[in-house]
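Biologist: I am new to this structure. Please take me through it.

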Amino acid sequence: MKKQLLLMTAILCGTLTQAQRLNIDSLVKESKKTEQWEPVPTVVTPGKTNTDAPSDAIVLFNGKDLNSFQKKGGGQPGWKIEKDGSLTVVKMSGDIETKQGFGSCQLHIEWKAPAVIAGNGQSRGNSGIFFMGKYELQVLDSYNNPTYVNGQAASIYKQHIPLVNASRKPGEWQSYDVIFTAPQFYADGQIQTPARITVFHNGVLVQNNVEIKGGTEWIGPASYKKHGDKEPIILQDHGNDGGNPLSYRNIWIREL
């Protein structure tokens, strides 16, 4: 360390000997061998805050319309856009799905469990985000609401328990920031590379690059069935479960 400091001082003061200069030239040449100049990364303008969509994102819901969504399977979505620009589930109107299909992606989505609590456990503010229409990240009011832990908020439903419970109180907005890696299949339909997912709940890491075991199942083990490279993202209407409906806002996605 002392020799390095003396060498740096000599460089700054311009007092290098010829031998020292030759040595530095040699080091610079060696250093250049591991420099990479291409490909140059595309310039992306970030949002004003970490919750705002960057310039290369696809905005799925901005509080104004549901042009990016349809009812699952086709048709007009039955959910309600509120005066504040949030999107509220209309119970028994059915799930909604993106018109565009997505594979590996970065997703930002904000949601709010109803301030008025009805029901308990899985009936309190229940919804879900299904990547590729099959792999569910659970949405649930998990603030002081005991339920099975692989079904609470930020769980990969019936597969992975969240590392911590980072839930806010009912009526407060919450966020998920997700990195989803799509599965890959062999030509015969067998799984080649399972899907993986990383989730931040309100800025807290809750799923750390976990392997998804297959399509989400309410009963029985998960398994993979071959599907397209890109499939819609589904937002769930949990139906007539006795709970009050929750809301979403500020939904954007980046294809990876």
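Biologist: What radius of gyration does the chain have, and what would a compact globule of 256 residues have?

Modeller: The chain has 25 Å, whereas such a globule would have a radius near 18 Å. The radius is taken over C-alpha atoms, and the globule rule is 2.2 Å times the number of residues to the power 0.38. The C-alpha trace spans about 85 × 45 × 35 Å along its principal axes.

Biologist: How do you know what to count?

Modeller: This is a predicted model, where local features need pLDDT of at least 70, side-chain atom pairs need 80 or more, and totals for chains, interfaces and linings use all residues. Residues are numbered from 1 along each chain as its sequence is written, and side-chain values use heavy atoms, without hydrogens and water.

Biologist: How many helices and strands does the chain have?

Modeller: Two helices and 15 strands. They are DSSP runs, numbered from the N terminus: helices are H or I with at least four residues, strands E with at least two.

Biologist: What share of the residues is buried?

Modeller: Buried residues make up 42% of the 256. Buried means under 20% relative accessible area, with a 1.4 Å probe and protein chains only.

Biologist: What makes a nonpolar core?

Modeller: Buried Ala, Val, Leu, Ile, Met, Phe, Trp, Tyr and Cys residues, joined through side-chain atoms within 4.5 Å. The largest such core has 42 residues, and Ile129 is among those with the most contacts inside it. Strand 6 (105-112) is one of its suppliers. Strand 6 gives the largest share, four residues.

Biologist: Which residues does Ile129 touch?

Modeller: Among them are Leu107, Tyr176 and Tyr248, leaving out residues up to four places away in sequence. Contact means heavy atoms within 4.5 Å.

Methods. Buried < 20%, exposed > 50% of the residue type's maximum accessible area, 1.4 Å probe, protein only.
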